Every structure is written in structure tokens, then in C-alpha cells.
Amino acid sequence: MRWSSSYIPTLKEAPSEAEVISHKLLLRAGMIRKLTSGVYSWLPFGLRALNKAANIVRKEMNAAGAQEILMPSVQPADLWEESGRWQKYGKELLRFKDRHDRDYCLGPTHEEVITDLLRNEVNSYRQLPINLYQIQTKFRDEIRPRFGLMRGREFLMKDGYSFDRNDEGADKSYWAMHKAYSNVFTNMALNFRPVEADSGSIGGNFSHEFMVLAETGEDTIAACTNWPQCTFAANVERCAINAPTHKDNSECPAMELVETPNKHTIEEVAEFLNVAPQKILKTLLFVADGKPVAALLRGDRELNLIKLTNLLHADEIEFATPEQVMQYTNAPVGFAGPHSLIGVETIIADHELLESNDWIAGANKNDMHVRHLSLHRDCKITQFADIRNAQEGDICPRCGNALEFKKGIEVGHVFKLGTKYSEAMHAVYVDENGKENTIIMGCYGIGVSRVVAACIEQNNDENGILFPPPLAPYEVIIINLDPKNQAVNEKCEELYTYCQEKNIDVLYDDREERPGVKFKDADLIGIPLQIIIGGKSLDKGVIEYKIRKLSEKKQIDAENSKSEFDKIYQEMLNAWK
């Protein structure tokens with residue numbers, strides 16, 4: 001493609017609305033334009049990158065045995081009422097009525113539609129397993145769309161669904177998709193990690209997120225420092241902490257009261273009593289499905305509410321109000337302890353607390369704490385369990401090495417759904433014995449448009465984008481520094497034609513612009529290999545080139561430019577391995 005006949009409206013400065021680097025560079029590079037809040041048009045240059053991402057996804061899905069379909073984006077409310085999500089999904093579900101006053105929604109996902117499709121077609125075990133996917137526009141009415149494509153309302157998504165006879169088959173489908181996703185992001189030349197994750201509102205009993213590593217990522221990942229020998233990685237809210245191998249069963253002195261006037265926080269108590277925060281027991285009070293619950297952990301640790309919720313199998317959990325704290329402890333907030341709670345029958349202690357048996361805790365009296373509290377002697381603990389957030393330096397639960405924290409951007413998610421949707425919507429098959437069974441489902445999503453943004457978040461510098469070759473709208477840009485020079489034009493045309501013959505995506509900057517403008521634009525849009533042809537260098541018998549990722553300009557022999565091009569093209573590919 002010749003730049004002079006292309007629509008690539010680059011900008012010198014990003015609009016003030018753009019916050020994150022990908023949003024700024026997508027706008028500046030002429031890839032997208034905003035239509036309304038959280039909704040963007042894809043311009044030709046950006047659409048090329050989007051289509052490349054979609055085609056990589058499509059290739060790996062097909063190779064894994066999945067088949068592509070396309071489902072409607074408009075979905076009837078009665079399907080969502082069957083699954084129970086019409087009321088539960090929340091305001092992100094864009095609801096509307098048609099001219100007949102029937103309720104519909106604009107699909108944020110397609111579990112209901114695909115389940116309805118299969119239940120009307122599949123009735124025998126001989127038809128299973130089935131794995132179907134689509135690449136389609138979704139809409140989620142985010143309360144505060146931000147960060148451009150990272151958290152928009154409309155986006156392109158690959159969503160896939162597997163249907164199996166039993167758990168064994170579902171496991172096989174799940175791990176086949178897990179492998180396919182790893183292939184997808186490897187083939188995009190992205191630095192990523194598959195991480196253990198919570199299933200959230202989609203449901204299911206097991207899931208992994210695929211995270212592109214980037215310092216600007218919203219998610220924190222706990223990953224083993226022994227990568228790639230150990231591949232463990234998990235979201236902080238999911239990261240398991242092994243139970244301690246050492247348990248302290250020793251006796252401690254009798255519990256005694258100590259005054260702590262106006263010392264409400266762990267930090268205030270630690271400073272006042274001249275002890276480390278890890279010597280203090282933190283007692284947090286909740287109401288879970290209407291019943292009071294106490295959660296205990298070390299003073300320097302943070303509670304993991306997702307772990308606690310899952311442990312309690314609770315549908316709803318909230319922090320106790322100050323009035324409820326007073327009811328359960330006879331003391332204001334800041335002085336709760338686990339030894340004499342009123343009406344609290346469920347007390348969950350983090351299993352790390354087994355390592356010690358001599359604690360400082362709230363006394364359940366105003367301005368008072370206790371020393372020498374023993375969880376075994378003075379409290380009625382319901383259960384010791386893993387309920388805290390992982391911290392850097394914790395032990396990897398898989399191999400015993402240390403954990404480190406990294407920032408990531410979620411670009412894919414795979415779920416074991418089980419029978420959540422098939423049972424609610426009666427998607428069944430008849431087995432070889434004539435018995436009716438519920439189909440076991442899996443769900444697999446990739447945010448295709450988010451992949452493009454995440455790629456830019458991971459690959460950029462002060463001058464613009466550094467596209468990896470598989471996602472680059474063009475792999476090569478030929479920059480003509482002197483369009484009025486016949487020899488320059490001929491050499492540019494020669495290499496432009498050569499790239500096309502070799503099926504290399506090439507952009508030819510043939511514009512009547514100053515060299516400085518062309519250099520800045522080439523760096524901004526991030527095409528991996530720049531071929532720079534000017535009259536002065538051509539007179540010396542050389543052509544300049546720059547691999548965008550490496551920045552340094554080099555030279556090749558102009559007379560042998562075709563054979564030399566093959567070498568530098570391979571050099572560019574090697575820079576991304």
C-alpha cells in the first residue's frame with residue numbers, strides 16, 4: 001500500500017481524554033477514533049492489526065478442532081431469565097424493548113444463546129463432544145468506560161464453548177483450549193502468563209486468565225521466580241498460600257488486659273505497645289448471607305475477600321457496620337478480638353496463625369487490648385484456612401521458590417462451566433443406556449480488540465509503537481526521502497514490488513513530505529522494519545535500514561538490495577524471538 005493513497009491520519013499530540021499509553025498511541029497513529037463514550041471506529045491502519053489478531057486466534061481455534069459460527073448480537077430476555085442472569089447481571093447488560101414491547105439485550109456474552117442452540121440440536125451422546133466459537137462484537141455498558149480499548153463498552157471478542165458428556169471429556173476440552181490460547185499469544189510474540197483465576201460472574205469451578213505482562217496493567221499477578229522451570233502464576237485474589245509445615249503448640253502466659261487509649265489501627269497499637277504488626281491479631285467482622293462471621297489474620301496481612309467468600313459458599317458478604325460491631329463485641333470499631341464475641345459462631349482463622357500461639361488482640365472493650373491470647377486455649381476457631389492475599393516473597397505453592405509480583409492485562413479467560421447453564425436451560429443428551437444426562441460445558445474468551453491495546457502497552461517507547469511482526473499492520477515500511485529523484489524512486493519501486501512478490505505486508509511512504517515528518521510518523525506507527533532510501537546515500541551505493549525495536553540505523557549495499565533485504569528481514573524477525 002502507498003501512503004499517498006492510504007488513510008492514516010496521524011496526530012502530533014494525543015487528545016486530552018487519552019490516559020494510558022495504548023489509548024494515546026492508537027489515536028496518534030491513526031488507528032482508531034472515538035464515536036461516543038467507550039465506542040470507537042477502527043480506521044484502515046488499525047483494522048489491519050485487529051484482523052491480524054483475529055486471524056491468529058482463528059487459526060489456532062481451527063487447529064484445536066473448534067468450529068467457527070456466528071450468533072446474533074441481539075438476544076431475547078427469556079433466555080437470560082431461564083439462566084437466572086436477567087436480574088443478576090447488572091446494569092452492564094444493555095436492555096431494550098422492540099416494537100412489540102418484548103424485552104431484549106445487546107449481548108455482552110453468549111452462554112445463553114449457545115446453550116439454546118445446542119439443546120435444540122443435540123440429543124445423543126454420539127453428537128458429543130462439540131466445540132464452537134465465534135469472533136463477534138460485544139457490548140457491555142460499563143459505568144465508567146476508560147483507557148480507550150482497554151475498558152470500552154463495545155469490543156471485538158472471540159468467545160468459544162465446549163460441550164461434553166462427562167467431566168473427563170470437559171477436562172480434555174479445557175486443556176486443549178488452554179494449550180491453544182498459549183499458542184495464540186506465543187504466535188502474537190507477546191510476553192504473557194496463564195494465571196489461575198476466579199471465575200467471577202460467568203460461573204464455573206475452575207479458570208485461568210491469560211495476562212499480557214505490562215507495567216501499566218491493572219491486574220497484579222503472583223508468579224514464581226523460577227520461570228519457566230515452574231509455570232505457576234495466579235491472580236493475587238486466587239493465589240494459594242500453603243498451610244505452614246511448623247505449628248506452634250506451646251503454652252503461653254495467661255491472657256491479660258492492657259490499656260490502648262484511642263489506638264484503633266494495627267499501626268497505632270503496634271507503635272503504642274512497641275511490637276511488630278505481625279505480633280498482633282487482626283479480627284475482621286462480616287455478615288455473610290445474614291449471619292455474622294469473624295475472620296482472623298496477622299496484623300501485617302490483607303484479607304482476601306474472594307477466598308473467604310468461596311470458603312463460606314456465601315452469595316453475599318459485607319463488612320459489619322459500626323452498630324453491628326458494637327453488637328458483636330460490646331466495643332467500638334478497632335477493639336474487636338476473637339475470644340469473647342457475642343453471637344458469632346463462625347470464626348475463620350488464616351492458617352498462617354498456626355505458626356504462633358501468643359498474640360495481641362482486641363479485648364472487645366473500649367480502649368483495651370489483650371496480650372498472650374492463645375487461639376487454642378482462649379478461642380473457638382471454626383476452621384483454619386487460606387484467607388489472605390499473597391505477598392511478594394511468599395513461597396510458591398507448587399515448587400517452593402519465592403513469588404514475585406508482576407502487572408498484567410487480561411486478554412483471555414478459560415472457564416470450566418460445569419452444568420451451570422445446561423442444567424438451568426435443560427441442555428441434555430441421552431447416553432448409550434438410554435439415560436438422560438446434563439451436558440458439561442466450558443467457556444473460552446479472548447478480547448481481540450484488547451489484544452491490540454495490550455500489545456501496545458507492552459511494546460512502546462518515547463517515539464511511539466513497537467509492533468511485533470505478527471500483529472503489525474505492515475511488516476515493512478519503505479521511506480522515500482526524495483520523491484523527485486528518479487534513481488530513488490526506481491529503487492523504492494524495486495523493493496516495494498519485491499516485498500509484494502514475497503507476500504510481505506509493505507507500506508510505501510511516497511508522500512511529498514519532509515524527511516523529518518516521515519521519520520517521526522514511521523517511528524510513531526511502529527512498523528517493525530524501516531527501509532530508508534535517499535539520494536545522498538544512494539549516491540554512495542548504500543541503503544539505510546532500521547529495525548524499530550533496536551533503533552540503530554544500519555546500511556546495506558544498494559546494488560544487491562534484494563538479497564540484502566532477505567537478510568535484514570530475517571534479522572528483524574530474530575529481534576522478536
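**A closer look at the salt bridges**

Reply: Happy to! Let's start with R102, which counts as partly exposed at 44% relative accessibility. Please keep in mind that this is a predicted model.

The side chain of R102 meets that of D98 in a salt bridge, with 3.3 Å from N to O. D98 is also partly exposed, at 23% relative accessibility, a value that clears the 20% limit under which a residue would be called buried.

Now for a pair in another setting. R388 and E352 join their side chains in a salt bridge of 3.2 Å, N to O. R388 sits in the loop between strand 20 (383-385) and strand 21 (403-418), while E352 sits in the loop between strand 17 (346-350) and strand 18 (359-362), so this bridge ties together parts that are 36 residues apart in sequence. R388 is buried, with a relative accessible area of 3%. E352 counts as buried too, at 9% relative accessibility.

K491 forms a salt bridge with E494, and their closest N and O atoms are 3.2 Å apart. Both residues belong to helix 13 (residues 486-501), where they are 3 residues apart, about one turn of the helix. Here the two partners fall into separate classes: K491 counts as buried at 11% relative accessibility, whereas E494 counts as partly exposed at 28%. Going back to R388 and E352, these two belong to a network of salt bridges with shared partners, which also takes in R298, D300, R301 and D394.

To put these pairs in context, the structure holds 35 salt bridges. The chain has 68 positive and 85 negative side chains, and the centres of these two sets are 4 Å apart.

As for the setting around them, the chain has 16 helices and 31 strands. Its C-alpha atoms fill a box of roughly 95 × 65 × 45 Å along the principal axes. The link between R388 and E352 spans 36 residues of sequence, and in the chain overall, 69% of the contacts with a separation of 6 or more are between residues 24 or more positions apart. Finally, the accessible surface of the chain comes to about 26,500 Å², with 47% of that belonging to carbon and sulfur atoms.

Terms used. Residues are numbered from 1 along each chain as its sequence is written. This is a predicted model: local features need pLDDT of at least 70, side-chain atom pairs count only at pLDDT 80 or more; totals for chains, interfaces and linings use all residues. Side-chain values use heavy atoms; hydrogens and water are left out. A salt bridge is a side-chain nitrogen of Lys or Arg within 4 Å of a carboxyl oxygen of Asp or Glu. Buried means under 20% relative accessible area, exposed over 50%, partly exposed in between (1.4 Å probe, protein chains only). Helices (H or I, at least four residues) and strands (E, at least two) are DSSP runs, numbered from the N terminus. Contact means heavy atoms within 4.5 Å. Accessible areas come from the Shrake-Rupley method with a 1.4 Å probe; for residues, only the protein chains shown count as cover. Lys and Arg count as positive and Asp and Glu as negative; His and the chain ends are not counted. The place of a charge is taken as NZ of Lys, CZ of Arg, CG of Asp or CD of Glu.
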